[in-house]
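Thanks for coming, everyone. Please take a look at the model on the screen, and then we'll walk through it.

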Amino acid sequence: MGLYVETLIEADMDVLWERTQHPALHQSWDLRFTSISYLPRAAGHPQRFRYATRLLPLLWIAGTGVSAGERQRPDGTRVSALRFASPHPLSLLAEGSGYWRYVPTPAGIRFLTGYDYRPRWGRCGALADRLLFRPLMGWATAWSFDRLRLWCERGIHPRAALARALGECAARLALVLAVLFASPPAPLVPGPDAAVRAALTVLAVLAVLLLPPLPGTPAARRCRRTPPDRVRAPRLLDTLEPS
């Protein structure tokens, strides 16, 4: 799988399963989706669903998918797999597949995902995906996983977590602007004092930008972005037909 994200969540397995498998709960914490809804399903068949992401107030990118899960496995783990596709001409993502694993450990549940997709728009799409879209998707997945962790561990609702993140970003930006505008103008003839002020300004700006987020604010950096060992997609994925 092209993208990998993992986090450790100290929560009850059933709670984590519900908040990741129930469409209304899933869409509340996953930054990649605005809405997720199940389609009618015949008994004994995988679950089909519809998803949509709002890029602008009047611009929605929609697609469909099919998913299946294994809630009871001999080793105590759980897994779900999905295939998805979007026919929207503005969607860089044409089709893809992925999985979630739930691995209980003494320290908590290793919640991890691996997924990949095929971009459209030919070579231009492949270049845009490599330089911009794929890194953005990886960051959004990791940020969302930490948002889910805060919900499960600390009871911070996803809406509150988003508000904290926006507020912290605004505060950091305000501090950067305050440092920049508070520095006195450089003299016409630079001297030692001007060099010291410039260095202090740079250090202050770097400190504001690089300080880790507050414990209650979601952060992609808290998630693992590379697998600790070789991973394989679950066999369950092979049972799903393309959506």
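Let's start at W121, which sits in the loop between β7 and α3. Helices (H or I, at least four residues) and strands (E, at least two) are DSSP runs, numbered from the N terminus. This is a predicted model: local features need pLDDT of at least 70, side-chain atom pairs count only at pLDDT 80 or more, and totals for chains, interfaces and linings use all residues. Residues are numbered from 1 along each chain as its sequence is written, and side-chain values use heavy atoms, with hydrogens and water left out.

Back to W121. Its phi is positive, about 75°, although W121 is not a glycine. Most residues other than glycine have a negative phi. W121 is partly exposed, with a relative accessible area of 44%. Buried means under 20%, exposed over 50%, partly exposed in between, with a 1.4 Å probe and protein chains only.

Now the inside. A nonpolar core is a set of buried Ala, Val, Leu, Ile, Met, Phe, Trp, Tyr and Cys residues joined through side-chain atoms within 4.5 Å. The largest one has 19 residues; L16, Y102, F111, F145 and L148 touch the most other members. β1 (3-9), α1 (13-21), β6 (93-105), β7 (108-119) and α3 (122-154) each give two or more residues to this core. The largest share, six residues, is from α3. A second, separate core has ten residues, including Y4 and L237.

What does Y102 contact, leaving aside neighbours within four places in sequence? Among its partners are M13, W17, V79 and I109. Contact here means heavy atoms within 4.5 Å.
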